[in-house]
Amino acid sequence: MMIHAHSYTMTTPSTLLCLLLVLALPGQAVAETTSPSRVVSINLCTDQLLLMLANPEQIASLSHLARDPQSSFIAEQATAYPANHARLEELLHLQPDLVLAGAFSDPRLLRQLKRLGIRVEAFPLTHSIAGIKRDIRRMAELLNRTESGARLIDELETRLARLQSKTTTSRLKALFYQPRGYTSGVHTLQDTALQAAGWRNLATELGIQGYAPLDLETLLQAEPDRLFTSSHTPQAGSRAQQQLQHPALQRLLRDRPIQEIPFKYWICAGPMITDAIQMLRAVYDH
Amino acid sequence: MTINQHRLLGLLATGLFLLLLLSMFTGSQTLPLYQALSESLAGSDSIPAIILTEVRLPRSLIALFAGATLGLCGAVMQSLLRNPLASPGLVGSASGAVLGAVVALYFGLAGHWPGTLPLSGILGSLGATLLAYLLAGRNGGTLSLILAGVAINAFALALVSLLLNLAPSPYAVQEIALWMLGSLANSSLQDLWILLPGTLLGWLLLMRLGQALDLLSLGEETSQSMGVDLPRLRRRVFLAVALAVGSAVSVTGAIGFIGLVVPHLLRPLTGHRPSRLLAASALGGAILLLAADIVVRLLPAQTEIKVGVLTSLIGAPFFLYLIIQHRRSHA
């Protein structure tokens, strides 16, 4: 009991002190028209958009996930900025004037930040090209960098147009098959990318909504021409990943092995989707 | 209630055979079974043949062997410890096996040689059982053995959770449920080959223990005066259970309640004689697990319910019923 009481008295003053420090910070209520100068992102998806659009001086910190080469499209550039782990005290020390969060960021953390007068902008999940463009536009406006937003959208549209001009009429059947047997149906980024690359997405045709498990027998009877996967850390072992090596799949596909499209293209909807579409297209043409 | 031993075994075997057939008919997709069978015999790579031989057959056989192992080992443990609450996992064999399998699978050992997984499962199982045995003392009573088992189970499962949290794969944490509850989904023939050697070896070691267990049911001292070497019997049973349960659990995870409930169900029918209970419990365990797995396949949930959830859902209330019955008959 003594130990408990002791540790309790230790934390309370330090938290209070921290709160006081923050409340005493000047200029936390920045007018919305001026460009934010200390932007902190706590979500990988906002990390990537922020890095693509902001003036480097505007970025105060990116989430630690931005440095993970498995998940992040910008792993190398991200090392130039301090990393955060989305903890309240850590964020307060960074003295942000804008915190960028994702749809699944801890709502308690965001509430606390707002209560302390820090502007928080949360980006929803998106799965379509239109959604990606909307996010780019919104991020550019938040950063007061509308021209670089327009430029990024331009590039995206040009690349997409070039890829889609080659779409053929007879279409092959593809399926995303992830560890644990999950597939991507209607309203997923993978569905958007498959269709853009000219494939039929069997999961959508089977009526699967979003990400859902597909059992092995249904998969086999649907007879996909090609399976795609994007397993995170493919070299590490797990039961989930063993499923991709099921002998039934190997007999079905024989000389068309499951194609790995790296995880970093799918984890967030962003301009990098064009790279993924290009890969899917290359497999199709092959 | 006692019925002829041969008749009981015959009935159970027939039931198991029919269930096995049913299991080949049952899946998320309807399968032209005759066509599938002839095509797989012809060695064709048609879809029905692949579904029959690579999806349904391994799954059914694994259910059969794992269920039989659990039923058999449950009966042996209950007889050996003369405690109706004993289960194959009681002295740590199942949780030790999970620990061994988790170490092998998530930390890159299982990738090199397919035998690594069952071996580390067996080693984990042996280690946990041995620890329980040593903790209880060489001539320790049944109670201290059970208590040691409870402690080791809790410790092993805590280690499993810790390891899965630390595992380098992001999928590992989600698989805690699979290991703690057990699942047969998507098993392949490779899994069957992983499971079989240890399981069969364990069964072999248990084969002619019936008489000693019968004598033991008269009481530890009485049985020892009649020539039963109790420490030796215990060692042999623990080794066999570790081999069989260790291999089965490395593939299916720890499936609950089968080893506990099946011997209870069959004990009245076998005249409360362990020598008769063993074979019957093996068949009964196979029947129960196979039936549970067929039900799981038919449930309309989008994410397949783990078979261990179902066996526990059925097993726990049934066990309560048994306790109430027991209380009434002794009131």
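Residue B:G198 belongs to helix α8 of chain B, which covers residues 189-206, where helices (H or I, at least four residues) and strands (E, at least two) are DSSP runs numbered from the N terminus. The structure is a predicted model, in which local features need pLDDT of at least 70 and side-chain atom pairs count only at pLDDT 80 or more, while totals for chains, interfaces and linings use all residues. Residues are numbered from 1 along each chain as its sequence is written, and chains are lettered from A and ligands numbered from 1 in the order in which they are written.

Is B:G198 buried or exposed? B:G198 counts as buried because it has 25 C-beta neighbours inside 10 Å; a residue is buried if 20 or more other C-beta atoms lie within 10 Å of its own, exposed if 12 or fewer, and partly exposed in between, with C-beta atoms placed from the backbone. Leaving aside residues up to four places away in sequence, B:G198 touches B:P118, B:I122, B:L243, B:A244, B:G246 and B:S247, a contact being a pair of residues whose C-beta atoms, placed from the backbone, lie within 7 Å. A second residue of chain B, B:M180, sits in helix α7 (residues 176-181), and B:M180 is buried because 20 other C-beta atoms lie within 10 Å. With residues up to four places away in sequence again not counted, B:M180 touches B:L157, B:G253 and B:A254.

In chain A, five strands form an open sheet in the order β3-β2-β1-β4-β5 with parallel pairing, where two strands pair if DSSP finds at least two bridges between them. The edge strands of this sheet are β3 (83-84) and β5 (120-123) of chain A, each of which pairs on one side only. Strand β1 (residues 39-41) of chain A is joined to strand β2 (residues 59-63) of chain A by two bridges, and the two run parallel; in β2(A), A:S61 is the bridge partner of A:V40. Helix α5 (residues 107-115) of chain A packs on the sheet and touches β4 and β5 of chain A.

Strand β6 (residues 173-176) of chain A pairs in the parallel sense with strand β8 (residues 200-201) of chain A over two bridges, and β6(A) also pairs in the parallel sense with strand β10 (residues 226-229) of chain A over three bridges. Residue A:A174 stands opposite A:N201 in β8(A), and its bridge partner in β10(A) is A:R226.

Helices of chain A also meet one another. A:L189, A:A193, A:L194 and A:A196 in α8(A) meet A:I273, A:A276, A:I277 and A:L280 in α13(A), and the residues of this contact divide into eight nonpolar, no polar and no charged. Here Ala, Val, Leu, Ile, Met, Phe, Trp, Tyr, Cys and Pro count as nonpolar, Asp, Glu, Lys and Arg as charged, and the others, Gly among them, as polar.

Finally, the two chains touch: 26 residues of chain A are in contact with 28 residues of chain B. On the side of chain A that touches chain B, α10(A) gives the most, with five residues, and the residues of that side divide into ten nonpolar, ten polar and six charged.

Note on methods:
Axes fitted to C-alpha atoms, helices over the stretch in contact; angles between N-to-C directions.
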